[in-house]
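This briefing goes with the sequence and structure shown below. Please keep both in view while reading.

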Amino acid sequence: MRGRVVFLGTSGGVPTLTRNLPAIALRWGGSLFLFDCGENTQKQLMRAKVGFKKSFYIFITHMHGDHLLGLPGLLMTLTLQGRRDPIYIFGPKMVKTFLEEILPLVGSPPSFPVFFREVSSGEVFRGSNFIVSALRTKHTIESYAYRFDEVGREFYFDDKKAEALGIPQGEIRERLLKGEHITINGKVITPEMVRGSKRRLFSFTYTGDTRPFPELIDFVKNTEVLVHDSTFLSSDIEEAEESGHSTAVEAANTAKAASVSSLYLFHISARYKDPKPLLNEARKIFSKTFLPKDLDMIEIR
Ligand SMILES: [Zn+2]
Ligand SMILES: [Zn+2]
């Protein structure tokens, strides 16, 4: 397993007895990526047994309380646990102000360095095998969607082809994997000659709160896992427009237009005692739609 997506909180605005406020964890290798941090996120992380990783990156979409009021509590717990490894937080500028104001009022300063980076549309962070980018969305205040893309080899190495070509094991194969040309017994071997089947590169996009708009379709294009604002049923479209949210149908239209692999409806209004109709109306447009519950997870193979 390469990683795991865990839905920690799937409600929007207010929590319900079964749904917490927005937060999604992405475990990728030895790193933890947290997208939004609604109240109770730290407890949901414990329930999901995600564990606080050495490399911990937090991406906040916007300054509405349902998306970040869990952050001070989470940082306080990590301080009480004596964490020393840094935490990287990304989001609108006010997130930094918020933490700088609130943390001294409620406890001791964090026991670890907190690095903050203000985001704007475009690439926001790059690791050895991934890129995270952001897109300003259409909400009532400044808000961002985030996209995680695995980067790296697009093909598997074909051992049978390599053997047939007489390529020995070890360092020479590593060089081919890196894209170098090598020479064996006077014969030039190119990476294409040992190329196997295509390797799927994982991608994940979380829209945060937003109305649908054309640039969002480009941004989520071909993503494997799309988590989309789906606050309302289409019968409540006027409210969606007023509050800067999407209906399940609008989420499905974006998923379809962007040819994503799967759509996960998220930020469900607490008004729907039974949110099944959201799933039903979205599935009529985009069949690979899911309605995750809190603590549901997707294993990335
Ligand atoms: Zn919200
Ligand atoms: Zn909001």
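The points below cover domains, core, helix packing and selected loop residues.

The model is predicted: local features need pLDDT of at least 70, side-chain atom pairs count only at pLDDT 80 or more, and totals for chains, interfaces and linings use all residues. Residues are numbered from 1 along each chain as its sequence is written, while chains are lettered from A and ligands numbered from 1 in the order in which they are written.

**Domains and core**

- The chain is assigned domain 1 (3-152 + 201-300) and domain 2 (156-197); such bounds come from an automatic or database domain assignment.
- The centres of domain 1 and domain 2, taken over C-alpha atoms, are 41 Å apart.
- The largest nonpolar core holds 67 residues, and Ile24, Leu263 and Leu265 have the most contacts inside it. A nonpolar core here is a set of buried Ala, Val, Leu, Ile, Met, Phe, Trp, Tyr and Cys residues joined through C-beta atoms within 7 Å.
- A residue is buried if 20 or more other C-beta atoms lie within 10 Å of its own, exposed if 12 or fewer, and partly exposed in between, with C-beta atoms placed from the backbone.
- In soluble globular proteins, nonpolar side chains tend to be buried together.
- Leaving out residues up to four places away in sequence, Leu265 touches His228, Ser230, Ala248, Ala251, Leu278, Leu279, Ala282, Thr289 and Leu291. Contact means that the C-beta atoms of two residues, placed from the backbone, lie within 7 Å.

**Helices α3 and α4**

- Helices (H or I, at least four residues) and strands (E, at least two) are DSSP runs, numbered from the N terminus.
- Helix α3 (residues 71-80) and helix α4 (residues 93-106) have axes that come within 10 Å and cross at roughly 55°. That angle makes α3 oblique to α4; angles under 35 degrees count as roughly parallel, over 145 as roughly antiparallel, 65 to 115 as roughly perpendicular and the rest as oblique.
- Axes are lines fitted to C-alpha atoms, for helices over the stretch in contact, and angles run from 0 to 180 degrees between N-to-C directions.
- The crossing of α3 past α4 is right-handed. A crossing is right-handed if the near helix is turned clockwise from the far one by less than a right angle, and left-handed if anticlockwise.
- On the α3 side, Leu71, Pro72, Leu75 and Met76 meet Leu99, Ile102, Leu103 and Val106 of α4.
- Lys96 is also in helix α4 and is partly exposed, because 15 other C-beta atoms lie within 10 Å.

- Seven of the ten residues of helix α9 (residues 248-257) are buried, so the helix is mostly covered.
- Those buried residues are Ala248, Val249, Glu250, Ala251, Ala252, Thr254 and Ala255.
- The cover over them includes α7 (214-220), β16 (225-229), β17 (262-266), α10 (276-283) and β19 (289-290).
- The axes of α9 and α10 come within 8 Å and cross at roughly 35°, and α9 passes α10 in a right-handed crossing.
- Ala248, Val249, Ala251 and Ala252 of α9 meet Leu278, Glu281 and Ala282 of α10.

**Positive phi residues**

- Most residues other than glycine have a negative phi, and most peptide bonds are trans.
- Ser259 is not a glycine, yet has a positive phi of about 50°. Ser259 sits in the loop between α9 and β17 and is exposed, with 11 other C-beta atoms within 10 Å.
- Asn40, also not a glycine, has a positive phi of about 80°. Asn40 is in the loop between β4 (31-35) and α1 (41-47) and is buried, with 20 other C-beta atoms within 10 Å.

**Other loop residues**

- Thr190 lies in the loop between β13 (187-189) and β14 (195-198). Thr190 counts as exposed because 12 other C-beta atoms lie within 10 Å.
- Gln169 is in the loop between α5 (159-164) and α6 (171-177), and Gln169 is exposed, with 10 C-beta neighbours inside 10 Å.
- Glu224 is in the loop between α7 and β16 and is partly exposed, with 19 other C-beta atoms within 10 Å. Apart from neighbours within four places in sequence, Glu224 contacts Phe202, Ser203, Phe204, Ser261 and Ser262.
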